[in-house]
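Here is a walk through one predicted model. It takes up a contact between chains, then a single residue.

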Amino acid sequence: MFDSIKNKHGHNPLFHAALLAGFALISAVLLILGDKVTSGAIKQRHIEDLKHSLEQVIPASLHDNDMWRDKIEIRQDGQHPPRLVYLARRGGKLAGVAFEVSGRGYNGKITLLMGIDADGRILGVRVLSHTETPGLGDKINERKSNWIFNFDGKSLGSPPPDQWKVKKDGGAFDQLSGATITPRAVVKAVREGLEFFKAQRKTLRRSTKGEPR
Amino acid sequence: MSVNYKRIAMDGFWTNNIVFTQLLALCPLMAVTDTATNGLGMGIATTAVLASSGVTVSIWRHFITHEIRIPALVLIIATLVTLVEMGMNAWMHEMYKVLGLFIPLIVTNCAILGRAEIFASRNWILPAFVDGLFMGIGFTIALVSLGAIREILGSGTLFANASLLLGPHFSFMEMTLIPDYKGFLLFVLPPGGFIALGFLIAFRRIFDKFLEKMIPGALTPKDPVLPAEVEEAAN
């Protein structure tokens, strides 16, 4: 049946355009259905991912709230976009915070999640995403080497502010063999994170006075 | 009209292998084959898309006119890849986290468009499915073998992180072949991939010559007619 229609209208460009539009319509319907079926599960997976990352930088014993839900947006000066801060509370008091920081690595953006306790000490840092060279810069990933654990327990006072550099630049942190730019970017990003916490400490304390959301 | 399924399978698997013979799809090949595990994951995902796009294109082949075939095929393949990506993200999340970046790249894999145009749009559903399946398996073999060579030479391990992809039962596959290996960065990066691929193709040629000498006619089929040609003649 279709063949006879094709023979009759095959020379008309509109016929082919309509055919292609038909394919596009079917594709669109399929994609909408696919999205409807999967979007709930995908959202759930993202929440699980977030919970898992938060657990790695803030020990579960430190807080008694649902951190992934308990978040506030901190607006900084005009240069930086607002930053999402996850709050860890224990008995209604601020026990720690976790937020993302990022730096420019050798190949592109490095995104980190860091957890800080209420006194400004680092509880943990983890790489969320990076595009560093495999075998060299990717050792910042906790699966590849334990370099990232060097930050645990550090704060703006220890090592002193001018020591927040890699050893090659006269600082306190080891570089990775064969990669200096990557650790340099990570150290700088973590330091900026600590400075952000220091500057926003009062705001964060005040915001935990209210009821947990 | 009889369809020579053995011929289709052999074609996809070996004689007309996407990588070793057609030299197609080198971009995803170089991007993911730094470890054998990544190669395997990409191979499985590509095979799924090849087989399903073969079936879909074959079902609609009478409606895909010659004039709109390229946009229509791209549309079908892109839709399938997006559905595979959403499904993986929702139900195979661990695997998605490893391969997620590469899944959209499957759309740009010219081998899939090539098979849809050359084979699936001219053949009945079952041959199209078999062709997609075995082209995919052949591609997977190429990805895994190149990945294994690059991983052993580059990092000294084999199938590292296989349990992330296949589940904890497969942790026995993870091997450290060269302990305390310092690593050979060249093979982790794409240039090493090209070098290894060159050697693989050379070895394949030598093997084919050897096979031809041992069993004459093993690689030159007695029935040279492809199903596509059979059907076109029948029309």
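Between chain B and chain A there are zero salt bridges. The area buried between chain B and chain A comes to about 2,200 Å². Carbon and sulfur atoms give 77% of that area. In residue terms, chain B puts 25 residues into the contact and chain A puts in 25 residues.

Now take the side of chain B that touches chain A. Which elements give two or more residues to this side? They are helix 4 (69-91), helix 5 (93-99) and helix 9 (185-188) of chain B. Helix 4 of chain B gives the most, with 12 residues. By residue class, this side of chain B divides into 16 nonpolar, seven polar and two charged residues.

Asn65(A) sits in a loop, between helix 2 (13-57) and strand 1 (71-74) of chain A. Is Asn65(A) buried or exposed? Its relative accessibility is 13%. The cut-off for buried is under 20%, so Asn65(A) counts as buried.

What surrounds Asn65(A)? Set aside the neighbours within four places in sequence, and Asn65(A) is in contact with Asp70(A), Leu87(A), Ala88(A) and Arg89(A). With Arg89(A) there is a polar contact: the side chain of Asn65(A) reaches the backbone nitrogen of Arg89(A) at 3.1 Å.

Technical notes. Residues are numbered from 1 along each chain as its sequence is written. Chains are lettered from A and ligands numbered from 1 in the order in which they are written. This is a predicted model: local features need pLDDT of at least 70, side-chain atom pairs count only at pLDDT 80 or more; totals for chains, interfaces and linings use all residues. Side-chain values use heavy atoms; hydrogens and water are left out. Contact means heavy atoms within 4.5 Å. Buried area is the accessible area (1.4 Å probe) that two parts lose on being put together, summed over both. A salt bridge is a side-chain nitrogen of Lys or Arg within 4 Å of a carboxyl oxygen of Asp or Glu. Helices (H or I, at least four residues) and strands (E, at least two) are DSSP runs, numbered from the N terminus. Ala, Val, Leu, Ile, Met, Phe, Trp, Tyr, Cys and Pro count as nonpolar, Asp, Glu, Lys and Arg as charged, and the others, Gly among them, as polar. Buried means under 20% relative accessible area, exposed over 50%, partly exposed in between (1.4 Å probe, protein chains only). A polar contact is a pair of N or O atoms within 3.5 Å; within protein, one must be able to donate a hydrogen and the other to accept it, and residues adjacent in sequence count only if both atoms are side-chain atoms.
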